[in-house]
Amino acid sequence: MTPAFQMPSAALASLGWSPFFAEQIEPADAGLVPVRIAVVHRSRLMAETGSGAQIRLGLQGGGTMDFAVGDWVLMDPETRMTVRRLDRRTVLRRRTESAHIPQLIAANVDTLFIVTSCNEDFNLARLERYLALANEAGANPVAVLTKIDQVADAETYRAEVAALQRGLAVVLLNAKAPDAALALAPWCGPGQTVALVGSSGVGKSTLLNTLADKAPDQAQPTGGIREHDAKGRHTTTARSLHAIAGGGWVIDTPGMRTLHVSDVAAGLDVLFAEITELAPACRFRDCTHAHEPGCAVQAAVAAGTLSAERLERWRKLDAENRANTPVQTGPRGNKSAPQRSKRR
Ligand SMILES: Nc1nc2c(ncn2[C@@H]2O[C@H](COP(=O)(O)OP(=O)(O)OP(=O)(O)O)[C@@H](O)[C@H]2O)c(=O)[nH]1
Ligand SMILES: [Zn+2]
């Protein structure tokens with residue numbers, strides 16, 4: 001009935017629609033229209049339709065908690081009610097200290113720009129936290145190092161960051177320079193969705209404004225001119241989907257003070273692949289790579305092929321992840337930290 005389902009229009013494709021979503025359409029969905037969530041407010045949703053306009057979506061009971069910016073939903077075009085959400089290709093989420101349920105950050109993100117500055121914010125352990133999040137989400141991580149104009153030796157950071165994960169792309173830029181968007185162009189383009197994450201003040205809003213090529217009156221306030229609330233926190237906390245000049249979509253996220261890891265076991269395995277791959281050679285299947293005899297990981301440290309600092313950072317993140325991740329099954333329910341996974 002709706003031609004969009006048989007053959008997605010160019011507009012839908014440029015909005016990020018792909019066979020992954022088209023395959024979820026069932027005969028019973030005839031007449032419904034796919035739209036993409038652009039803003040999630042407490043009690044309402046705004047969506048992009050592919051025609052350039054945002055519309056307000058109605059909800060069939062329940063709040064907006066289960067929706068993330070970037071989600072695809074099927075809408076009844078007459079009532080503009082949300083009928084159902086399509087399965088996500090990727091999903092970024094984090095558990096805040098107080099929340100029992102992981103909070104949704106963004107959905108269907110192809111590339112995660114992990115933004116850090118070459119000055120105060122620069123920290124390998126912090127980058128590893130974001131990498132674990134990206135890996136777990138299924139998004140391709142790209143490390144974006146800003147403020148290269150403020151340090152003398154920006155290039156020296158490149159190799160350190162690239163070594164954090166196999167195949168990791170690293171981009172160095174001045175977020176305020178007009179050519180900043182050019183450096184990120186390989187990951188942007190029609191149908192591509194990127195998200196910006198990182199600490200407060202590293203240049204995410206500056207990059208967003210460059211990418212989205214916004215008129216000054218529509219621009220996201222940046223650190224210099226931003227208002228703060230009574231607690232001294234930034235007031236811009238909403239995340240939203242913005243069109244990128246030249247194609248693609250960018251989702252901004254509020255600056256995160258501390259990213260606690262949880263629910264990222266698979267993400268850590270990808271990040272620390274060199275450790276994950278050595279573990280099967282350890283004598284004990286549940287080796288903690290700390291003091292056990294016959295530990296292949298400790299042997300690699302002794303041989304100089306694995307740095308002790310890297311192993312220590314793995315240990316810390318792995319322990320934090322286990323402590324913060326509730327057990328899904330088992331008689332004790334959500335009470336205890338999981339047992340060591342059997343890696344063999
Ligand atoms: N010199 C220089 N200044 C930058 C660069 N990137 C950002 N800034 C400045 O740093 C300050 C903070 O930048 P924002 O873009 O607001 O940082 P943010 O990451 O969006 O911060 P939150 O919104 O709090 O998460 C602003 O004054 C920017 O102008 C850069 O590459 N070089
Ligand atoms: Zn071991």
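I started at Cys287: not counting residues up to four places away in sequence, it touches Ala279, Cys282, Glu292 and Cys295. This is a predicted model, and I read the contacts as such.

I placed Cys287 in the loop between α9 and α10. I then checked burial: Cys287 has 22 C-beta neighbours inside 10 Å, and 20 or more make a residue buried, so Cys287 counts as buried.

I turned to Cys282, which lies in the loop between α9 (273–278) and α10 (296–303). Cys282 is buried, with 21 other C-beta atoms within 10 Å. Leaving out residues up to four places away in sequence, I listed its contacts as Cys287, His289, Glu292, Gly294, Cys295, Ala296 and Val297.

I looked up the annotation. An unreviewed UniProt entry places the feature "binding site" at Cys282, Cys287, His289 and Cys295.

Next I went to helix α7, residues 204–212. Eight of its nine residues are buried, so the rest of the structure largely encloses the helix. I noted the buried ones as Lys204, Ser205, Thr206, Leu207, Leu208, Asn209, Thr210 and Leu211. The cover over them includes the strands β8 (111–117), β11 (193–198), β12 (240–243) and β13 (249–252), and the helix α6 (180–184).

Last, I checked confidence. The protein chain averages a pLDDT of 86, and 84% of the residues score at least 70. I marked residues 1–7, where pLDDT stays under 50 and the model has 11 contacts beyond four places in sequence. I also marked residues 332–344, with pLDDT below 50 and 16 contacts beyond near neighbours in sequence. For the model I recorded ipTM 0.88 and pTM 0.86.

How values were computed:
Residues numbered from 1 in each chain as written. Chains lettered and ligands numbered in written order. Predicted model: local features only at pLDDT ≥ 70, side-chain atom pairs only at ≥ 80, totals over all residues. pLDDT = per-residue confidence, 0-100. Contact = placed C-beta atoms within 7 Å. Buried ≥ 20, exposed ≤ 12 C-beta atoms within 10 Å, placed from the backbone. Helix = DSSP H or I, 4+ residues; strand = E, 2+ residues; numbered from the N terminus. UniProt positions renumbered as here; feature names shortened; annotations may be inferred.
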